[in-house]
Amino acid sequence: WRSQEGAPYSTLVPSDEVTVNYRHGLPVITLMLPTRSERCQFTVKPVATTVGAFLQDVQREDKGIERAEVFATDGSKVSDATLMEVLLMNDFKLVINNTAYSVSPPVKDKLSSEHATEMEDIKSLVHRLFVALHLEEHQIRKERELLQRLDHLKGELLPLEQMKAKIMDSADAKTSRLLWVGLALMSTQGGALAWLTWWVYSWDIMEPVTYFITYGSAMAFYAYFVLTKQDYIYPHAKDRQFLHYFYRKSKKRRFNVERYNKLKDDLEEAEESLRRLRQPLHLRLPIQEIKDKD
């Protein structure tokens, strides 16, 4: 028999040098340690132990083992991530240093359907007991972590909130002044047209003037639509002008809007996680106990 690289191993030992027996439902692998020259038993948990973990246990038991690998009967190497439960289903070869051991695991008796159902019920009961005993501790620890995260986020947001409030007040004041200026200009225009119509000229002269003023206003509204892709609606135009002043003031005062929004999203996510964590029906915890914590 040859290794994966094609080099022959110095010794191919019969299968009785490495034995596999089941004791209390768990496989026990017995093999001869090369340096210590004594047989050693390794009890493995087939569902949780991998081939790599088993080989590490063997090398840890005998420091003189420089090489430990597992190969299938066709010569292909078995991955260290393979579960021992899968490995023990078929024959395999255990290579320690330059010695290859042929291993033939015994066929494990299949459980009856009733026994299998009983074992599944026991596993389910153990799982429920574990959840009942450890869920409260996990919930308290997770709640403490979320509360600490909330305090940290609120501490970072506090100076940003104060700066944002000042910037919003300044932007709102400028927007309001702009609206009043627009009203004043429209009033002045109306008064000027009335004065020119009744005191200076006649309506026959001022009618074309008012027509071109109306047409120019329509062109201005259309230009607004071309530039913004929005209709000129007064509330939308006010909001747009407010945002313009807000971002210009934020840049001037070095207010990081992206960082502020990121912190707000993180805070909302943490609060939502805490709210879901405190739902007693979701956690199957006593309602009175949750109220006491609140």
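Visitor: Why is glutamate 69 called buried?
Guide: Buried means under 20% relative accessible area, exposed means over 50%, and partly exposed is in between (1.4 Å probe, protein chains only). Glutamate 69 has 18%, so it counts as buried. The model is predicted: local features need pLDDT of at least 70 and side-chain atom pairs count only at pLDDT 80 or more, while totals for chains, interfaces and linings use all residues. Residues are numbered from 1 along each chain as its sequence is written, and side-chain values use heavy atoms, with hydrogens and water left out.

Visitor: Where is glutamate 69 placed?
Guide: Glutamate 69 is in strand β5. Strands are DSSP runs of E with at least two residues, helices are runs of H or I with at least four, and both are numbered from the N terminus.

Visitor: What makes the pairing of glutamate 69 with arginine 67 a polar contact?
Guide: A polar contact is a pair of N or O atoms within 3.5 Å; within protein, one must be able to donate a hydrogen and the other to accept it, and residues adjacent in sequence count only if both atoms are side-chain atoms. The side chains of glutamate 69 and arginine 67 make such a contact at 2.7 Å. The side chains of serine 76 and aspartate 74 make another, at 2.8 Å.

Visitor: Is serine 76 buried or partly exposed?
Guide: Serine 76 has a relative accessible area of 32%, so it is partly exposed. It lies in the loop between β5 (68–72) and α2 (84–87).

Visitor: What makes phenylalanine 42 buried?
Guide: Its relative accessibility is 8%, and that value makes phenylalanine 42 buried. The residue sits in strand β4 (residues 38–43).

Visitor: Why is the pair of aspartate 80 and lysine 77 called a salt bridge?
Guide: A salt bridge is a side-chain nitrogen of Lys or Arg within 4 Å of a carboxyl oxygen of Asp or Glu. For aspartate 80 and lysine 77 the closest N and O atoms are 3.9 Å apart, and the pair qualifies. Aspartate 80, at 40%, counts as partly exposed, and so does lysine 77, at 33%. The structure holds eight salt bridges.

Visitor: How do you know that aspartate 266 and arginine 149 form a salt bridge?
Guide: Their closest N and O atoms are 4.0 Å apart. The pair links distant parts of the chain, with aspartate 266 in helix α6 (residues 257–277) and arginine 149 in helix α3, 117 residues apart. Aspartate 266 has 13% relative accessible area, so it is buried, whereas arginine 149, at 40%, is partly exposed. Together with Lys262, Arg149 and Asp266 are linked in a network of salt bridges.

Visitor: What separates glutamate 272 and arginine 275 along helix α6?
Guide: The two lie three residues apart, about one turn of the helix. Their side chains meet in a salt bridge at 2.4 Å, N to O. Glutamate 272 is partly exposed at 32%, as is arginine 275 at 44%.

Visitor: Why is arginine 254 called exposed?
Guide: Its relative accessible area is 78%, so arginine 254 is exposed. This residue is in the loop between α5 and α6.

Visitor: What makes a surface patch?
Guide: Patches are made of residues with over 30% relative accessible area and no salt bridge; like charges are joined within 9 Å, and nonpolar side chains (Val, Leu, Ile, Met, Phe, Trp, Tyr) within 5 Å. Lys166, Arg248, Lys252 and Arg253 gather in a patch of positive charge. Three of its residues, the largest share, come from helix α5 (residues 234–253). One of the members, arginine 253, has 37% and is therefore partly exposed.

Visitor: Which residues make the nonpolar patch?
Guide: Trp195, Trp198, Trp199, Val200, Tyr201 and Ile205 make it, over about 790 Å². Helix α3 (residues 113–200) gives the largest share, four residues. Isoleucine 205 is in helix α4 (residues 203–228) and, at 46%, counts as partly exposed.

Terms used
Areas by Shrake-Rupley, 256 points an atom, 1.4 Å probe, with all protein chains shown as cover. Lys, Arg positive; Asp, Glu negative; His and termini not counted. Charge placed at Lys NZ, Arg CZ, Asp CG, Glu CD.
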